[in-house]
Amino acid sequence: MPKEKKETKIKKEKKEKKEKKEKKEKKEKKEKKEKNGEEVTDVKMEESTFLKKEGTNSEEVADIKMGESKKEGIMIVHYDLSGLVPFSIPLASKEFVLELMQTVRKASKKRQCRRGVKEVNKALKKNNKGLVVIAGDISPPDVISHIPILCEEKNIPYIFIPAKADLGFSCSAKRPTSAVMIVPDLKNEENFDYKDEYKLCLKQVQEMEQAIIF
């Protein structure tokens, strides 16, 4: 075989190998992105299956698709009341839990969300205004028992939802979360595009609190 033809063949083979490698890398990147986008959903689905295996009534777990991008995945409401602390009052209904989770998600994206007991305590002590959402399946109860008292002292509305896993997922935390406080930027309207959802949630919580008092 002439030297020139041999060199051309070698170049062609190298080019083909390079193209194959690039295609493979692109495919792997695409699969990785898809996996990352649905990672949280897979975890939540596993939790849903676990609850059913443990004998929880299937009606207590509501799988609800959100009207958001595919990357957001499926937001699942776990409505198991068996592990609630005795003082979980007021407690949100299934439908209201979803509304709260959506609002917390939007506040979290705008960095207007305080996650965890310590952060919520700080926000309350600094007299920040907002809405506190507390998970009812916390053990020991002492971890969150002071939060409703502090909210009442500061005149801040609060609401319980059954599952810490839902609360953690809604504020994009890697772990279940005991408490969250939505602290909206009331001065900046452009950075408060979830205003309507927040006001509806706030109104419902205040109505529930008044119903308990009377």
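Cys 113 has Ile 182, in strand β6, as its bridge partner. This pair belongs to a predicted model in which β3 and β6 (residues 179-182) run antiparallel to each other, joined over three bridges. The chain as a whole contains seven helices and six strands.

**The sheet around β3 and β6**
- Strands of a sheet pair through backbone hydrogen bonds, in either a parallel or an antiparallel manner.
- The open sheet is built from four strands in the order β3-β6-β4-β5, and its pairing is mixed.
- The edge positions are held by β3 (113-115) and β5 (158-161); each has a single partner strand, so one side of each lacks a neighbour in the sheet.
- On average, neighbouring strands of this sheet are turned by 20 degrees against each other, direction ignored.

**The helix packed on the sheet**
- Helix α4, comprising residues 117-125, packs on the sheet and touches β3, β4 (131-135) and β6.
- The direction of α4 makes about 40 degrees with that of β6.

**The chain as a whole**
- Read from the N terminus, the order of elements is α-α-β-β-α-β-α-β-α-β-α-β-α.
- Of the 214 residues in the chain, 38% are buried.
- Among contacts in the chain with a separation of 6 or more, 76% are between residues 24 or more positions apart.
- The chain has an accessible surface of about 14,300 Å², and carbon and sulfur atoms contribute 50% of this surface.

Key: Residues are numbered from 1 along each chain as its sequence is written. This is a predicted model: local features need pLDDT of at least 70, side-chain atom pairs count only at pLDDT 80 or more; totals for chains, interfaces and linings use all residues. Side-chain values use heavy atoms; hydrogens and water are left out. Helices (H or I, at least four residues) and strands (E, at least two) are DSSP runs, numbered from the N terminus. Buried means under 20% relative accessible area, exposed over 50%, partly exposed in between (1.4 Å probe, protein chains only). Contact means heavy atoms within 4.5 Å. Accessible areas come from the Shrake-Rupley method with a 1.4 Å probe; for residues, only the protein chains shown count as cover. Two strands pair if DSSP finds at least two bridges between them. Axes are lines fitted to C-alpha atoms, for helices over the stretch in contact, and angles run from 0 to 180 degrees between N-to-C directions.
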